[in-house]
Amino acid sequence: MRVIKFGRKIVSECNRGDVVFLPRSKLATSDVNLPFVLNRRQFPLIPAYTMTINKSQGQTFDQVGNCLDEPVFSHGQLYVALSRSRIPNHVKICTKTSEVQGKLLNSEKYFTRNVVSQEDF
């Protein structure tokens, strides 16, 4: 999810047109040495950071998410994108469905264009 606007609600870009509501959590200090109780409210969010596939080469992460708006354009780029995580099950991929990539009909499998092989499948 990408946070677009803060306010009483958070607007999401994942499901365009949908608004996602996240309740603010009230937190209070439990330090008995303070003569007062410090209260604060915050959204339960964890910040995330983005980088390009080329910039991630040579790095290793606990979790990786790949957003492929378009198919990768060079040999080895998809391998680099998918191999950055220490654990293969911690890799998530988001694709935009088109003729050259997306979800296969009646299946849970996804595909993207092969930039190396010129064979027609």
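Apart from neighbours within four places in sequence, isoleucine 53 is in contact (heavy atoms within 4.5 Å) with Val72, Gln77, Val80 and Ala81. The structure is a predicted model, in which local features need pLDDT of at least 70 and side-chain atom pairs count only at pLDDT 80 or more, while totals for chains, interfaces and linings use all residues. Residues are numbered from 1 along each chain as its sequence is written, and side-chain values use heavy atoms, with hydrogens and water left out.

Ile53 also belongs to the largest nonpolar core, whose 5 residues are Ile53, Leu68, Val72, Val80 and Ala81. Such a core is a set of buried Ala, Val, Leu, Ile, Met, Phe, Trp, Tyr and Cys residues joined through side-chain atoms within 4.5 Å; buried means under 20% relative accessible area, exposed over 50%, and partly exposed in between, with a 1.4 Å probe and protein chains only.

The whole structure contains 0 disulfides, a disulfide being a pair of cysteine sulfur atoms within 2.5 Å. The sulfur of cysteine 67 has its closest cysteine sulfur in cysteine 94, and because the separation is 4.4 Å, the two are too far apart for a bond. Cysteine 67 counts as exposed at 54% relative accessibility, whereas cysteine 94 counts as partly exposed at 43%.

Phenylalanine 36 is partly exposed, with a relative accessible area of 47%.
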